[in-house]
Amino acid sequence: MANELNKQLASELAYEAVKNGASAAEVVIKQRTEFSVGVRLGEVETLQQSTDRGLGLRVLLDGKQASVSGSDFRKDALTELVQQAIALVRVTSPDDNIGLPDSKAFAQTIEDLDLYDEAIVNLATEQKIEMALRAEQAARDSSPLIVNFEGGGVDTSVGSLILANSLGFAGAYRGTSFSIASVPVASENGQMQGAYWYDVKRQLADVDLPENIGRIAAQRTLRKLGARAVATQNVPVVFEQNIARTLMSYVFQAASGEAIFRKSSFFVGQLGEKVADEKVTVIDDGQLIRGLGSRPFDAEGLPTRKTVVIKNGILENYLLDTYTARKLGMQSTGNASRGLVGALGVEAGNFYLEPGRYSPNEIIGAVSKGFLVTDVLGFGVNTVTGDYSQSASGIWIENGELTFPVQGVTIAGNLKDMLQAIEMIGNDLQFRGNITSPTVLIGRMTLSA
């Protein structure tokens, strides 16, 4: 009922903006309740809960746009908000590509993508604390070498979004998420090492057990003890599943319409060209059931969809909102994003590298001498040139076996070459975010001490 009332309010406010002089208007209402508990050494270290509700109004007039936001939903405050927006839009600069989408393109039905879970909404604070402590205790029980924790806990989010515009679109959806993490620290022979593990899902029933989170976090920490550097050399590099997703985040940035029309991507002018090994298929799917990046419509009211970005190594599509599509003479792919204020942007739905047929062990077993990357630090790629360089740690591979931990190295290459050099793709695709990848083996990269 609350969503229906707010949907009506959003529609009325958009029409009021038009009555006051705008050629078109769009209203978004966002409400979110977030909870976070952090635990350390068996005690609750932080406990936070917040609820925010805000409204954003975007008005358009003669190729110009302006946006304002507020949290006061009383009639007088909303009337003042409209007047502020109209005043602002009159002094902004025009751009012929700015505007609402064609009304015929709006989502006609609001698909139920199973994004909302009452079990998360009804989960008591005591239960969330207990789950966080169980994960930490499982890590502590794994080994006496686990001596401390840098963090860990449980976060939940419950929210709703309403979007309406003066062309007649009005839609709403709700979403939940639950995440749990453990970040243990191990000590041996004077060396300290830390690592982490986590899970995040839309539905509580899909989240891994706290004990598994803690045990995996401990295993990942313990295997880093005794790490050392290795000499500079060119070797095959295996990106673990949760690290390979960072490569996909760079591919998304390069395929975003914003980077394309600004000519700040190595994918500019590459549609229809071979940009990766033929084993590589990359998909963005905004309609994935229970997907963390799923939504029934985008920030302009267009239906989200499944878009093949790279198919068998060929770049087939960019990801676009209405503005970037018009700049490029193309059609939106339903990837618009927006906050309460500011210009719209392009965001991923569920963006992933299609899994292959090899287990991670089979991929490691295929490497006679190389490096398994388990952690990276910092931003690593120039999406204009594709140049890639990141500090990394991991495990050395010798004759298909994991041997000793490695730290203090830099892996470098060029993302364009790396996509062409993908030799094996794992079968271990997991969604712990909206951009992900299975394990991948890249034939050769530079490893620097």
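This passage describes the overall build of a protein and then one of its serine residues.

The model is predicted. The protein contains ten helices and 20 strands. Its radius of gyration is 24 Å, close to the 22 Å that the globule rule gives for 449 residues, so the protein is as compact as a globular protein of that length. Along the principal axes, the C-alpha atoms fill a box of roughly 70 × 55 × 35 Å.

Of the 449 residues, 53% are buried. Among contacts with a separation of 6 or more, 73% are accounted for by residues 24 or more positions apart. These contacts therefore join residues within 4.5 Å of each other, counted between heavy atoms.

The surface and the charges were also computed. The protein exposes about 19400 Å². Carbon and sulfur atoms supply 47% of that area. The protein carries 41 positive and 52 negative charges.

Serine 143 has a relative accessibility of 11%. Buried means under 20%, so serine 143 counts as buried at 11%. A polar atom of the serine 143 side chain lies 3.0 Å from the backbone nitrogen of leucine 145.

Note on methods
Residues numbered from 1 in each chain as written. Predicted model: local features only at pLDDT ≥ 70, side-chain atom pairs only at ≥ 80, totals over all residues. Heavy atoms only, no water. Buried < 20%, exposed > 50% of the residue type's maximum accessible area, 1.4 Å probe, protein only. Polar contact = N/O pair within 3.5 Å; in protein donor to acceptor, adjacent residues only side chain to side chain. Helix = DSSP H or I, 4+ residues; strand = E, 2+ residues; numbered from the N terminus. Rg over C-alpha atoms; globule rule 2.2 N^0.38 Å. Areas by Shrake-Rupley, 256 points an atom, 1.4 Å probe, with all protein chains shown as cover. Lys, Arg positive; Asp, Glu negative; His and termini not counted. Charge placed at Lys NZ, Arg CZ, Asp CG, Glu CD.
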